[in-house]
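Subject: Structure handover

Hello,

Please find the structure below. My notes on it follow.

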Amino acid sequence: MSDPKAVPARLRAWVAEVRALVRPAAVHWCDGSQAEADELCRRLVANGTFAPLARRPGSFLARSHPGDVARVEDRTFICSDSRDDAGPTNNWRDPAEMKRQLAELSAGCMAGRTMYVIPYRMGPIGSPYGRDAVQITDSPYVVVSMRTMTRIGDAVLARMGDDFVPCLHSVGAPLAPGQADVPWPCNTEQRFIAHFPDEPSIWSYGSGYGGNALLGKKCLALRIASAMARRDTAGDTRGGWLAEHMLVLGLTPPGGATVYVAAAFPSACGKTNLAMLEPALPGWTVRCVGDDIAWLHVAADGSLRAINPEAGFFGVAPGTSWASNPHAMETIARDTIFTNVAATTDGDVWWEGMGSDPPAGLIDWTGRAWSPAAGKPAAHPNARYTVGAAQCPIIDPRWEDPEGVPISAILFGGRRARVMPLVVEANSWEHGVFLGSTIASETTAAAQGATGRLRRDPFAMLPFCGYHMADHFAQWLEIGRRLDPAKRPRMYAVNWFRKGADGTFLWPGFGDNVRVLKWICDRLAGRDGARTTAIGIEPRPEALDLSGMTLPPHRIEDLLAVDVPGWRTEAEHIAEDYRDLGRVPAALWRERDALAERLGVISAHGGR
Ligand code: GTP
Ligand code: SPV
Ligand code: MN
């Protein structure tokens, strides 16, 4: 598409400036149409990036460069004006220095390529809680993915003013004259995922994968949005908001009213699965509002309202099966992009944990013939599907409600083999913020680096908070103060991943997680069924509905057990991690010290 006429002056100027720097062969303004997407997919097939999937209409398999398979946390930078504002958990670079370096790298970086301009919006069109942005990219894979993951094109541009977030992305692989392109161009030497929260803007170079390249997702909707939310909240005495790594679901008891629940779990720790849960208890329904990101606003009536800023799912493929997540399986039956999964000989996809034996003749994610004897997985552990949320058979009827949905409960979870029980309710908002600030989880393949290592991941935002993590804790406390006390969500810590002495999961998870949601629903309805422990409020075992389940004897006690020595160590680690963070609010130190006291620890460290 040629230059559209109604382009905000600031956008026109920015596009001209970028074009002069990156020197593309052509510029294409994306209108977001089906015809445009079809043409891009056709070209992606022609150059070998996409292979059409005969068994899934409108679907394609993409194989990435083997060195470009996940987010790169060590190459992700928060370039705030003040180093202090990025905090100790982020990589900080001086913004002027970062820009100088990126500008140097980017001179002519789109040579031989088309520069795509994608006007997009995070949040439903017309929602007062949404935000406009524009991504420039030289990756057609990114364009078609952004079209699924966000709202793009003319409908967005028509309402856009000068208030948009500029997001510049290049795969960092210019083509010399006459040089042939490769299917997944990227730059394995030079990679920068840079955020400028004070402007705000984003500049990503060198990777074409997921959160590194689909800049609406982790870069804008979490890192930049969290910094914007903090600034907006500070500049206003009412209202205020949070940008969180959370799913949102609607839970309806048999014959009852729907309650909305938000849940923060780190990457590859079960958000998509919980968001699309098929309840193991008859009569209960779960509907999905979002599976990865929530923007939570204090509404005029004092309730906390969530919108899903995204329009699609970028879900983990391995482990997705008809048994674990039938709704995801139905969602991805058509019009889906699969990246780094294995391919069958008859034009379908396969991955570990799909619930079927690997078919003969499988081609692995690198494009090579594979058999179980290979001794390595056929699909990359961070293989993903990209699909429109509207295709989900259990999408919530209010998922695009411009005012969002009211949140009644907030869950914080992680992947922890030990210590953390199945579910704990917070005693208060402050205690809930304490639970969120102390999530720890074993690392997963969603980020490059070692997996299975326990790390503190406050609010599941460690890789995604665009400012000082301790200030994020303060922001949570402030949002609590602004909510109507009668409408404040209750908060819970959950853990589906506790293991027994034999190393196997104690809890079946997936559809059975509704049993925990049911207990939470009972609590919201004012029913008791609870006991007070040193770490918070737990279900009495008989208050959990285990009907239709065959758990070994004492299993539920094991799942709920408070491992006092383990928790004493945990309380010490929390104090160390708080001290490392610096400036953790006093209210949270009080929660930490109260926990230690309840555990019978006379803290050697005590307070700050
Ligand atoms: P991101 O998209 O990276 O943010 O991940 P996510 O939090 O949405 O995780 P997802 O639901 O995709 O699950 C990741 C992995 O955890 C998959 O392999 C799932 O099969 C597995 N998983 C999810 N829920 C459960 C559960 O309740 N129990 C167990 N044991 N595994 C689970
Ligand atoms: C995550 O890592 O939490 C994801 C995938 O949801 S990515 O989009 O790559 O961030
Ligand atoms: Mn995620």
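A residue counts as near a molecule or strand if one of its heavy atoms lies within 4 Å of it. By that rule 22 residues surround ligand 1, and the closest are A268, K271, T272, N273 and R384.

Before the rest, the conventions. This is a predicted model, in which local features need pLDDT of at least 70 and side-chain atom pairs count only at pLDDT 80 or more, while totals for chains, interfaces and linings use all residues. Residues are numbered from 1 along each chain as its sequence is written, chains are lettered from A and ligands numbered from 1 in the order in which they are written, and side-chain values use heavy atoms, with hydrogens and water left out.

Ligand 1. The polar contacts (pairs of N or O atoms within 3.5 Å; within protein, one must be able to donate a hydrogen and the other to accept it, and residues adjacent in sequence count only if both atoms are side-chain atoms) include one at 2.8 Å between a polar side-chain atom of K271 and an oxygen atom of the ligand. The side chain of D292 has an N or O atom 3.0 Å from an oxygen atom of ligand 1, and for a backbone N or O atom of P318 the distance to a ligand oxygen is 3.2 Å. On its own, ligand 1 has 650 Å² of accessible area (Shrake-Rupley method, 1.4 Å probe; for residues, only the protein chains shown count as cover), and the protein covers 91% of it.

Ligand 2. The residues around this ligand include R71, G211, K218, D292 and R384. An oxygen atom of ligand 2 lies 2.5 Å from a polar side-chain atom of K218. A backbone N or O atom of G211 is 2.8 Å from a ligand oxygen, and a side-chain N or O atom of R71 is 2.9 Å from one. Of the 290 Å² of accessible area that ligand 2 has on its own, the protein covers 98%.

Backbone. Most residues other than glycine have a negative phi, and most peptide bonds are trans. The bond joining E199 and P200 is cis, with omega about -15°. P200 sits in the loop between β10 (192-196) and β11 (201-205); strands (E, at least two residues) and helices (H or I, at least four) are DSSP runs numbered from the N terminus. D335, a residue other than glycine, has a positive phi near 45°, and its place is the loop between α10 (326-331) and β19 (336-339).

Regards
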